[in-house]
Amino acid sequence: MGLLLQDTGQEADQREGQQDVHSIVKAEPGVKVAFPQLKDTIAQGIEIISGPVRDSIMEKDGRVLVQESYVITSFDSGVFVIPPMPIEIQQESYNNTLRTDPLHLIVNTFVVDQQKGNYDIVMPLAAPWTFAEILPYLLWTLLGLSLIH
């Protein structure tokens with residue numbers, strides 16, 4: 001039959017951002033692949049930002065490559081474990097449940113210099129005033145002057 005189950009998320013080091021997690025199954029044509037239905041969290045402390053995004057590609061050897069992707073994040077620092085995910089493989093003569101390997105997500109926080117405290121990474125840019133921004137002040141000033149006279 002020839003199935004390949006690959007979790008390409010790998011051990012990830014995340015700094016309070018987002019991480020892509022992919023599960024890939026390579027199967028013969030006619031095989032039904034059912035990924036787990038994840039809603040808003042994968043594990044405690046790991047939230048799903050977007051997904052699932054499913055894609056399938058017919059390869060040159062006739063097999064189908066099925067991929068499901070999620071974008072995940074965590075707002076706490078620490079080591080989180082994404083448990084093995086069940087993937088159901090169904091064919092007329094064959095039904096089985098495969099499981100991905102557990103995946104470790106390491107989340108580090110930023111070190112804040114106590115002398116500097118919190119500060120903007122990039123300072124705000126000074127933008128010139130536009131006519132649309134000045135127009136209300138100009139109109140109120142003209143209205144005020146006309147009421148005085």
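A salt bridge is taken here as a side-chain nitrogen of Lys or Arg within 4 Å of a carboxyl oxygen of Asp or Glu. In this predicted model, the structure holds four such salt bridges, and Glu28, Asp61 and Arg63 are linked by them in a network. Arg63 forms a salt bridge with Glu28, the closest N and O atoms being 3.5 Å apart; this pair links distant parts of the chain, with Arg63 in the loop between strand 6 and strand 7 and Glu28 in the loop between strand 3 and strand 4, 35 residues apart. The side chain of Arg63 also meets that of Asp61, at 3.7 Å from N to O. Arg63 is partly exposed, with a relative accessible area of 26%, as is Glu28 at 27%, and Asp61 is likewise partly exposed at 48%.

Another salt bridge joins the side chains of Lys26 and Glu59, at 2.9 Å from N to O, and it too links distant parts of the chain, since Lys26 lies in strand 3 and Glu59 in the loop between strand 6 and strand 7, 33 residues apart. Lys26 is buried, with a relative accessible area of 17%, whereas Glu59 is partly exposed at 25%.

Turning to the strands, an open sheet of three has the order 4-9-10 with antiparallel pairing, and its edge strands are strand 4 and strand 10. Strand 9 pairs with strand 10 over six bridges, and Ile87 stands opposite Leu98 in strand 10.

Finally, the largest pocket has a volume of about 200 Å³, and its lining residues, among them Phe110, Asp113 and Tyr119, divide into five nonpolar, two polar and one charged.

Definitions and conventions: Residues are numbered from 1 along each chain as its sequence is written. This is a predicted model: local features need pLDDT of at least 70, side-chain atom pairs count only at pLDDT 80 or more; totals for chains, interfaces and linings use all residues. Side-chain values use heavy atoms; hydrogens and water are left out. On a 1 Å grid over the protein atoms alone, a cavity is a set of points where a 1.4 Å probe fits but cannot get out, and a pocket is an open set with protein on both sides within 12 Å along at least five of seven lines; lining residues have an atom within 4 Å of a point. Grid points are joined across faces, edges and corners, and a volume is the space filled by probe spheres set on the points. Ala, Val, Leu, Ile, Met, Phe, Trp, Tyr, Cys and Pro count as nonpolar, Asp, Glu, Lys and Arg as charged, and the others, Gly among them, as polar. Two strands pair if DSSP finds at least two bridges between them. Helices (H or I, at least four residues) and strands (E, at least two) are DSSP runs, numbered from the N terminus. Buried means under 20% relative accessible area, exposed over 50%, partly exposed in between (1.4 Å probe, protein chains only).
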